[in-house]
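The following exercises are to be worked with the sequence and the three-dimensional structure at hand. Each consists of a task and a solution in steps.

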Amino acid sequence: QVHLVESGGGLVQAGGSLSLTCTASWAVYAMGWYRQSPGKEREFVVGVGYNGDNPVYADSVKGRFTISRDNAKNMVFLQMNALKPEDTAVYYCATAGRIDTMVNGEIDYWGQGTHVTVSS
């Protein structure tokens, strides 16, 4: 069992920045983030493999969000810049065995979620 604990998030005006952090209880391979807006399905945002190279981003966040990880601390970070009201959602940290399975929604463990609200 891997426990994921998220922190960060909050309320920000459009154009602003926020950062999210996720800490895993064990070393995991692929880590990343999904999000869910009210009335919508949970969607993939970004994922990265153990080495931190070649991250995969959803088209909607490319160029604005940046993922990184610290394997010594089992942590992954999401820096969100140029935020838009449509980025408003609950953001979930997620882990998977491979980056492609993470993108496809084959998630091994979920965090509890953290709220991000972007006001216009």
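Predicted model: local features only at pLDDT ≥ 70, side-chain atom pairs only at ≥ 80, totals over all residues.

**Exercise 1. Glu41 in its loop**

Task: Determine where Glu41 lies and whether Glu41 is exposed or buried.

Solution. 
- Step 1. Glu41 belongs to the loop between β4 and β5.
- Step 2. The relative accessibility of Glu41 is 70%. Exposed residues are those over 50%, and Glu41 therefore counts as exposed.
- Step 3. With neighbours within four places in sequence left aside, Glu41 is in contact with Arg35 and Gln36.
- Step 4. From Glu41 to Ser19 the separation is 22 residues in sequence and 22 Å in space, taken from C-alpha to C-alpha.

**Exercise 2. Strand β5 and its partners**

Task: Describe how β5 pairs with β4 and with β6, and explain why β5 is described as largely enclosed.

Solution. 
- Step 1. Strand β4, residues 30–36, pairs with β5 in the antiparallel sense over five bridges. Within this pairing, Arg35 has Glu43 in β5 as its bridge partner.
- Step 2. The two strands β4 and β5 make a hairpin, with six residues between them. In the turn, Gly39 has a positive phi of about 80°.
- Step 3. β5 also pairs with strand β6, residues 56–57, in the antiparallel sense over two bridges. Here Gly47 is opposite Val56 in β6.
- Step 4. Strand β5 covers residues 43–48, and five of its six residues are buried; it is therefore largely enclosed by the rest of the structure.

**Exercise 3. The four-stranded sheet**

Task: State in what order the strands of the open sheet are arranged and which strands stand at its edges.

Solution. 
- Step 1. The open sheet has four strands in the order β1-β3-β8-β7, with antiparallel pairing.
- Step 2. The edge strands are β1 (4–8) and β7 (65–70); each has a single partner strand, so one side of each is left without a neighbour in the sheet.
- Step 3. From one strand to the next, the twist averages 15°.
- Step 4. β1 and strand β3, residues 18–24, run antiparallel and are joined by five bridges. Across this pairing, Glu6 stands opposite Cys22 in β3.
- Step 5. Val5 is also found in strand β1. Apart from residues up to four places away in sequence, Val5 touches Thr21, Cys22, Thr23 and Gln112.

**Exercise 4. The disulfide**

Task: Identify which residues form a disulfide and explain what parts the pair ties together.

Solution. 
- Step 1. The sulfur atoms of Cys22 and Cys93 are 2.0 Å apart. The cut-off is within 2.5 Å, and the pair forms a disulfide.
- Step 2. The link of Cys22 and Cys93 is left-handed, with -85° about the S-S bond.
- Step 3. Cys22 is in strand β3 and Cys93 in strand β9 (residues 89–96), so the pair ties together parts that are 71 residues apart in sequence.
- Step 4. Both Cys22 and Cys93 are buried.

**Exercise 5. The largest nonpolar core**

Task: State how many residues the largest nonpolar core has, and which strand gives the most to this core.

Solution. 
- Step 1. The largest nonpolar core has 34 residues. Those with the most contacts inside this core are Trp33, Phe65, Leu78, Met80 and Tyr91.
- Step 2. At least two residues of this core come from each of β3, β4, β5, β7, β8 (75–80), β9 and β11 (114–119).
- Step 3. β9 gives the most to this core, with five residues.
- Step 4. Neighbours within four places in sequence aside, the contacts of Phe65 include Val45, Leu78, Met80 and Tyr91.

Definitions and conventions. Residues numbered from 1 in each chain as written. Heavy atoms only, no water. Buried < 20%, exposed > 50% of the residue type's maximum accessible area, 1.4 Å probe, protein only. Pairing = 2+ DSSP bridges. Axes fitted to C-alpha atoms, helices over the stretch in contact; angles between N-to-C directions. Core = buried A, V, L, I, M, F, W, Y, C linked by side-chain atoms within 4.5 Å. Contact = heavy atoms within 4.5 Å.
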